[in-house]
Amino acid sequence: RGRAPFVEVSKEVLSAGSDSKVVAERVFAMIIHPITVEEFYQEYYERKPLLVRRKNKCYYDDWMKMNHVRQLIDSDELDWTYEVDVTSYKGGKRETHNGEGVASSSEIWRRHKEEGCSVRLLRPQKRLDHICLMLSLLEEHWGSGAGANVYLTPANHQGFAPHWDDIEAFILQTEGSKRWRVYGPRNKQEEMPRFSSRNFDQSEVSDPILDTEVHAGDLLYFPRGFIHQAVSGVEKHSLHVTVSFGYRNSWFDYCKEVMEAALEEARKKEVRLRRSMPRDYLDYMGSMHGPSADARREGLTATAKALLTQALASISDSALDAGADARARTLLKERLPVSLAP
């Protein structure tokens with residue numbers, strides 16, 4: 001019973017001789033407990049939603065409570081849109097009520113309390129050290145950038161229209177409750193999407209594959225591409241943290257880097273890749289021209305396909321490693337700074 005010691009476990013990484021990967025896996029294991037890490041990746045990851053009920057409303061208290069929310073909002077330092085959104089979803093219409101520049105705490109609270117708006121705090125790890133520490137460890141476990149947003153919704157309100165996200169989402173409910181409806185991808189093209197969706201109308205979603213109440217201490221996970229919407233309980237506000245990973249970290253992203261490296265290697269060997277494009281190729285190539293029987297277009301198409309086929313048919317180990325190096329550089333640029341002191 002009581003809160004899980006996320007912060008204490010995370011700080012073990014600061015001890016001399018500690019193994020950051022071991023500590024990182026322990027932090028993730030605590031998030032999904034009692035589901036094991038192995039079971040999660042074999043049964044749920046990128047496949048289907050996971051709901052964990054605990055009957056322990058304090059379990060995720062280390063992540064976010066109302067005192068943290070007040071600390072952030074009442075600082076009068078948050079930038080509209082980059083760090084805070086105020087949103088509503090009423091009568092099937094999703095609206096954002098942001099201002100410009102630095103957000104006034106009085107305006108945020110007025111919109112929240114008087115107009116029933118949800119407050120979304122973006123990137124709380126930029127201002128809260130304990131969030132930064134835990135996410136930096138999760139990045140170590142996931143091999144991918146990790147993120148977090150905080151959602152505060154008044155009782156019996158909804159702040160967002162049905163939509164899907166481009167990340168793996170872990171909903172850590174810390175106060176109140178929400179009714180979540182989760183829908184599977186509508187077709188193969190919408191599975192594992194690279195980008196988040198537009199807002200959907202209710203008529204565009206079918207029956208949910210999961211319709212459940214998530215209470216304080218509970219966990220809900222769903223993969224990217226799963227449409228979802230949530231409304232808070234009727235008795236009190238809802239507060240949850242969405243922890244995420246998997247943004248732009250697919251096989252596509254890796255193969256794209258490998259292809260660039262392979263083409264660079266081919267450029268050094270194949271003089272045709274170094275020759276200039278035909279002076280008039282824009283007169284017959286491009287979407288404005290479209291497929292045609294133009295002999296010039298047919299000739300250029302055949303040459304381009306032959307050069308690409310040649311380059312991709314001889315991908316070397318060094319190109320594969322160069323693709324991994326490029327992904328590593330991206331991760332290093334995006335990763336959170338590692339905490340060096342308690």
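These legends accompany close-up views of a predicted model.

**View 1**
Glu139 sits in helix H6, which covers residues 129-142. Its relative accessibility is 2%, so Glu139 counts as buried. The cut-off for that class is under 20% relative accessible area. The side chain of Glu139 makes a polar contact with the side chain of Arg335, at 3.1 Å. Beyond its neighbours within four places in sequence, Glu139 also touches residues on either side of Arg335 in the numbering: Glu334 and Leu336 are among its contacts. Ser144, Gly145 and Ala146 are in contact with Glu139 as well.

**View 1. A nonpolar surface patch that includes Ile315.**
Four residues make this patch: Met259, Leu312, Ile315 and Leu320. The patch is nonpolar and spans about 290 Å². Ile315 lies in the loop that runs between helix H8 (295-313) and helix H9 (317-334). With a relative accessible area of 33%, Ile315 is partly exposed.

Strand E2 holds residues 84-90, and strand E3 holds residues 93-96. The two strands pair in the antiparallel sense. Four bridges connect them.

**View 2. The salt bridge of Glu115 and Arg110.**
The model has 28 salt bridges in its count. In this one, the side chains of Glu115 and Arg110 meet at 2.8 Å, N to O. Glu115 has 27% relative accessibility and therefore counts as partly exposed. Arg110 is also partly exposed, at 29%.

**View 3. The salt bridge of Arg224 and Glu168.**
The side chains of Arg224 and Glu168 form a salt bridge, 2.5 Å from N to O. This pair links distant parts of the chain, 56 residues apart. Arg224 is in the loop between strand E9 (219-222) and strand E10 (227-232). Glu168 belongs to strand E6, residues 168-175. Are the two partners buried or exposed? Both Arg224 and Glu168 are buried.

Lys188 forms a salt bridge with Glu191. Their closest N and O atoms are 3.6 Å apart. Lys188 is exposed, because its relative accessibility is 63%. Glu191, at 38%, counts as partly exposed.

Gly184 is placed in the loop between strand E7 (177-183) and strand E8 (210-215). At 22% relative accessibility, Gly184 counts as partly exposed. What separates the C-alpha atoms of Gly184 and Ser206? The separation is 9.1 Å, for two residues that are 22 residues apart along the chain. Apart from its neighbours within four places in sequence, Gly184 is in contact with Ile209 and Phe226.

Definitions and conventions
Residues numbered from 1 in each chain as written. Predicted model: local features only at pLDDT ≥ 70, side-chain atom pairs only at ≥ 80, totals over all residues. Heavy atoms only, no water. Buried < 20%, exposed > 50% of the residue type's maximum accessible area, 1.4 Å probe, protein only. Polar contact = N/O pair within 3.5 Å; in protein donor to acceptor, adjacent residues only side chain to side chain. Contact = heavy atoms within 4.5 Å. Patch = residues over 30% accessible without salt bridge, like charges linked within 9 Å, V, L, I, M, F, W, Y side chains within 5 Å. Areas by Shrake-Rupley, 256 points an atom, 1.4 Å probe, with all protein chains shown as cover. Pairing = 2+ DSSP bridges.
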